[in-house]
Amino acid sequence: IDMEYSNWGKMGIIEPSDIAVAPNGDVYIADTGNNRIAVLDSDFQFKGQIATPLLPDQSLGRISQPKGVFIDENGLVYIADTGNNRIVCLDRYYKFKFEIKNFVNEQGVPDGFSGVSGLFVNDKYIYACDTNNARVVIFDTKGNFIKTVNQPESRLFNSDTIYRPIAIAVDTYGRLFIVSA
């Protein structure tokens with residue numbers, strides 16, 4: 001995708017990894033190669049970008065290699081900030097709400113992401129594909145750890161299958177649909 005943006009001249013999307021549509025119709029693209037989330041309006045005109053969470057002291061640093069983006073029904077923006085092994089949540093004005101980086105798992109052990117990618121959010125949970133740890137990690141909508149979901153046992157997986165979840169969707173019954181690469 002090529003686009004024009006004010007004084008910046010020609011910009012392109014490099015290595016798009018995910019796409020989400022906000023309730024207002026805006027389109028968000030995880031532009032991994034440019035270390036940003038590109039934001040387009042419903043006519044696919046470039047509106048701007050999310051590259052650094054908006055904090056007065058910029059203590060969170062820049063977004064690095066984002067591979068997932070999700071916009072919930074309230075317009076909250078969730079970014080799988082893959083290069084920084086975290087999830088960043090922003091409000092509809094791109095102001096920082098919280099980040100999920102380190103957590104204590106169900107065994108009581110300090111834990112964290114390794115290659116967080118695909119995200120799904122509903123009114124109760126945040127689901128995150130923790131690709132290099134071969135699992136999905138579930139948090140409540142405030143970012144508190146709930147549980148991990150490891151590779152399911154299924155006849156669909158051969159004994160030599162490598163489980164690396166990269167995308168997820170959850171239906172209204174709570175069933176997880178996971179893409180593994």
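Arg175 is partly exposed, at 48% relative accessibility.

The model is predicted; local features need pLDDT of at least 70, side-chain atom pairs count only at pLDDT 80 or more, and totals for chains, interfaces and linings use all residues. Residues are numbered from 1 along each chain as its sequence is written, and side-chain values use heavy atoms, with hydrogens and water left out.

An open sheet contains four strands in the order 3-4-5-6, paired antiparallel. Strands (E, at least two residues) and helices (H or I, at least four) are DSSP runs, numbered from the N terminus. Strand 3 (16-21) and strand 6 (46-50) are the edges of this sheet. Each has a single partner strand, so one side of each lacks a neighbour in the sheet. Neighbouring strands of the sheet are turned by 20° against each other on average, direction ignored.

Pairing requires at least two DSSP bridges between two strands. Strand 3 and strand 4 are antiparallel and share five bridges. Val21 has Val27 of strand 4 as its bridge partner. The two strands form a hairpin with five residues between them. In its turn, Gly25 has a positive phi of about 95°. Strand 4 also runs antiparallel to strand 5, again through five bridges. Here Tyr28 has Val39 of strand 5 as its bridge partner. The hairpin of strand 4 and strand 5 has four residues between the strands, and Asn35 takes a positive phi near 55°. Strand 5 and strand 6 pair antiparallel over four bridges. Ala38 is placed opposite Gln49 in strand 6.

Strand 4 is mostly covered, with five of its five residues buried. In a regular strand, side chains alternate between the two faces of the sheet. Val27, Ile29 and Asp31 are buried on one side of strand 4, and Tyr28 and Ala30 are buried on the other.

Arg36 belongs to strand 5 (residues 36-40). Arg36 is buried, at a relative accessible area of 1%. Its side chain forms a salt bridge with that of Asp31 (2.6 Å, N to O). Asp31 is buried too, at 0% relative accessibility. A polar atom of the Arg36 side chain also lies 3.4 Å from the backbone oxygen of Gly12.

The whole structure holds seven salt bridges. One of them joins Asp26 and Lys47, with the closest N and O atoms 2.8 Å apart. This pair links distant parts of the chain, 21 residues apart. Asp26 sits in the loop between strand 3 and strand 4 (27-31), and Lys47 sits in strand 6. Asp26 is buried, with a relative accessible area of 6%. Lys47 is partly exposed, at 46% relative accessibility. Elsewhere, Asp81, Arg86 and Glu99 are linked in a salt-bridge network.

Nonpolar packing was examined next. A nonpolar core is a set of buried Ala, Val, Leu, Ile, Met, Phe, Trp, Tyr and Cys residues joined through side-chain atoms within 4.5 Å. The largest such core has 26 residues. Tyr78, Ile87, Phe113, Ile126 and Phe139 have the most contacts inside it. Several strands each supply at least two residues of this core, including strand 8 (77-81), strand 9 (86-90), strand 14 (125-130) and strand 15 (135-140). Ile126 has contacts (heavy atoms within 4.5 Å) beyond its neighbours within four places in sequence, among them Tyr78, Ile87, Phe98, Phe120 and Phe139. Another core, of 15 residues, lies apart from the largest one. Its members include Ala22, Tyr28, Val39 and Leu90.

Methods:
Buried means under 20% relative accessible area, exposed over 50%, partly exposed in between (1.4 Å probe, protein chains only). A polar contact is a pair of N or O atoms within 3.5 Å; within protein, one must be able to donate a hydrogen and the other to accept it, and residues adjacent in sequence count only if both atoms are side-chain atoms. Axes are lines fitted to C-alpha atoms, for helices over the stretch in contact, and angles run from 0 to 180 degrees between N-to-C directions. A salt bridge is a side-chain nitrogen of Lys or Arg within 4 Å of a carboxyl oxygen of Asp or Glu.
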